[in-house]
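Student: I have the sequence and the model open, and I'd like to go through some of the details with you.

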Amino acid sequence: MNILLLSMPDSFEHMPSLAIRMPNGGLSSIAGNVDPHHRVAVADLILVQQHVRETVTRLIRDLHPEVVGLSIMTFQRRTAARIIELVRSLQPGAKIVVGGYDPSLAPEAYEPMRVDYLVRGEGEVTFRELLRAVERAGNLEDICGLSYRSGDQWVHNPPRPPHRLESGEIALPRRDARVLKGYTFLGRQVDVIETSRGCTYDCSFCSIIEMRGRNFFTYSFDRVMADIRDAHDHGARTIFLVDDNIMLNVRRFEALCEAIIAAGLNHLDYFVQAMTSSIANHGESLAPLMKQAGFRYVFLGIENILEGDLEFLHASAKNTARSDGHKTGNATLQAIDYLHRHHMFVVGGLIVGNPGDTRESIEANLEFARRYVDWPYIQHPTPYPRTPMTREFREQGLIQNERFEEYDGTTAVVRTRHLPAEEVEFLRWKAERWMKTHHVPAVFRHDPWFVLTHTPKMLAHTFRGSSIRSTLGLEDERKVFERYKAIRNKEREYV
């Protein structure tokens with residue numbers, strides 16, 4: 001069968017497509033795990049944000065897919081609905097399958113849409129079994145993790161247990177199935193790999209636990225090295241490790257760094273997500289090893305510098321420094337110090353706008369980011385489907401916005417007990433856009449041509465809404481913010 005897999009074009013504010021366009025690793029993995037006689041095409045629509053309708057139309061015309069799959073996050077739901085209608089108009093007989101975080105956690109939102117199947121949780125085996133059933137007109141009842149239409153009703157089969165990755169059941173991704181080009185991270189071709197799946201923490205804002213439970217499974221290093229080599233052979237010079245929580249086993253991560261070095265793959269740039277406590281408690285030996293292995297950027301899940309907010313986020317444990325088995329305070333400054341001492345850059349993940357936040361507590365977090373992190377990744381708490389945070393916000397009556405296309409992390413959709421949502425967002429926006437300029441010299445030293453050719457457009461994106469009057473201080477910043485919000489709303493109209 002001909003199969004077309006689509007990721008949505010909607011992007012995060014912190015990842016402007018001018019500078020950062022990541023592939024959807026899940027779709028490449030699904031492509032690598034279908035039976036080999038199928039013809040599979042993967043199209044990451046983030047690469048064609050200005051030409052979504054034309055691109056989908058061309059792909060449908062050229063491929064004549066019998067099955068079209070869409071990977072969807074909550075803030076991409078509206079765009080997905082429009083693409084589903086476009087596919088239906090172009091290829092009425094195609095079977096449409098949706099999957100990813102949003103369909104897995106909010107399947108009821110897709111029942112009114114004109115889709116045929118819904119894959120919940122990890123998709124590789126479920127999708128493969130679905131294709132076999134479609135191809136042979138077989139039964140669907142025994143396919144775990146699948147939801148499907150039966151007449152006017154939806155049937156939700158039992159969930160599929162998370163894959164124990166050591167078994168080798170999940171084959172390598174098929175990067176040659178990608179039919180669009182242009183993946184980039186600050187001027188260098190980028191790809192994603194995973195070395196593990198799952199997390200055992202229970203952060204209230206996170207969808208991972210709700211989707212797969214509390215567990216942690218790992219791939220063998222032989223497979224991981226083969227994946228990195230394959231990404232490199234397809235042109236990648238930067239590798240983003242997308243593991244849910246790779247630092248759950250620090251000794252394994254140290255061994256992974258050693259394996260990268262031994263394999264001669266440390267000439268690549270690596271980007272990893274990490275817990276502050278792991279870096280703080282093991283940084284003396286871990287940080288120099290990471291640097292030697294090629295790690296350049298580390299996304300630190302700082303979450304918040306105030307203990308009360310960390311308790312609300314259920315994130316205290318992973319942000320606690322320890323010595324001789326005793327807690328010694330917040331781990332963030334120690335972790336940042338280790339990384340900076342070894343010339344790695346900190347992408348600082350913070351969350352502001354929690355229920356108890358005041359103007360002063362938000363400003364404290366913003367000032368911390370201004371002083372200590374190299375690139376801010378500051379978000380607002382967002383009530384994603386089925387997370388503990390969502391229940392708490394609903395109970396407290398703090399949700400102000402039910403437009404899911406704005407659930408992108410940088411649009412404030414909940415108020416605090418002291419500030420309206422828009423004021424929370426304004427405070428972050430006003431401070432953060434200037435923070436982003438501080439990292440330009442470091443990027444210039446690494447990739448001077450990219451900075452020389454892209455800085456004007458990057459600054460225009462960061463400061464969109466600004467004018468000559470506002471630059472000269474002759475216009476109130478709230479007017480600029482209003483224009484920025486209007487521009488952002490237009491940007492969300494991809495189809």
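**Loops, packing and cores**

Student: Let's start with Leu 186: buried or exposed?
Tutor: Leu 186 counts as buried, because its relative accessibility is 13%, where buried means under 20% relative accessible area, exposed means over 50% and partly exposed lies in between, with a 1.4 Å probe and protein chains only. Keep in mind that this is a predicted model, in which local features need pLDDT of at least 70 and side-chain atom pairs count only at pLDDT 80 or more, while totals for chains, interfaces and linings use all residues. Residues are numbered from 1 along each chain as its sequence is written, and side-chain values use heavy atoms, with hydrogens and water left out.

Student: Where does Leu 186 sit, and what is its phi?
Tutor: Leu 186 lies in the loop between strand E9 (184-185) and strand E10 (190-193), where helices (H or I, at least four residues) and strands (E, at least two) are DSSP runs numbered from the N terminus. Its phi is positive, about 50°, although Leu 186 is not a glycine.

Student: And what about the phi of Arg 386?
Tutor: Arg 386 is a residue other than glycine, and its phi is positive, near 70°. Its place is in the loop between strand E19 (375-379) and H13, and Arg 386 is partly exposed, with a relative accessible area of 43%.

Student: Which residues of H13 are buried, and what follows that helix?
Tutor: In helix H13 (residues 388-396) the buried residues are Pro 388, Met 389, Thr 390 and Phe 393. After H13 comes Gly 397, with a positive phi near 65°.

Student: Now Met 22: where is it, and what does it touch?
Tutor: Met 22 is in the loop between strand E2 (20-21) and helix H1 (25-31), and at 13% relative accessibility Met 22 counts as buried. Not counting residues up to four places away in sequence, Met 22 touches Met 15, Ile 46, Tyr 183, Phe 185, Val 190, Val 192 and Phe 240, where contact means heavy atoms within 4.5 Å.

Student: Switching to helix packing: at what angle do H12 and H14 pack?
Tutor: Helix H12 (residues 359-372) and H14 pack at about 15°, with their axes 10 Å apart; axes are lines fitted to C-alpha atoms, for helices over the stretch in contact, and angles run from 0 to 180 degrees between N-to-C directions. H12 is therefore roughly parallel to H14, since angles under 35 degrees count as roughly parallel, over 145 as roughly antiparallel, 65 to 115 as roughly perpendicular and the rest as oblique.

Student: How do H7 and H8 cross, by comparison?
Tutor: The axes of helix H7 (residues 221-233) and helix H8 (residues 250-262) come within 11 Å and cross at roughly 50°, and H7 and H8 are therefore oblique to each other. On the H7 side the contact is made by Phe 221, Val 224, Met 225 and Ile 228, and on the H8 side by Arg 252, Ala 255, Leu 256, Ala 259 and Ile 260.

Student: Last topic: which residues touch the most other members in the largest nonpolar core?
Tutor: In that core of 67 residues they are Leu 4, Leu 6 and Leu 70, a nonpolar core being a set of buried Ala, Val, Leu, Ile, Met, Phe, Trp, Tyr and Cys residues joined through side-chain atoms within 4.5 Å. Leu 70 touches, among others, Leu 6, Met 8, Ile 83 and Val 98, not counting residues up to four places away in sequence. Apart from that core lies another, of 60 residues, among them Ile 170, Ala 231, Met 275 and Ala 335.
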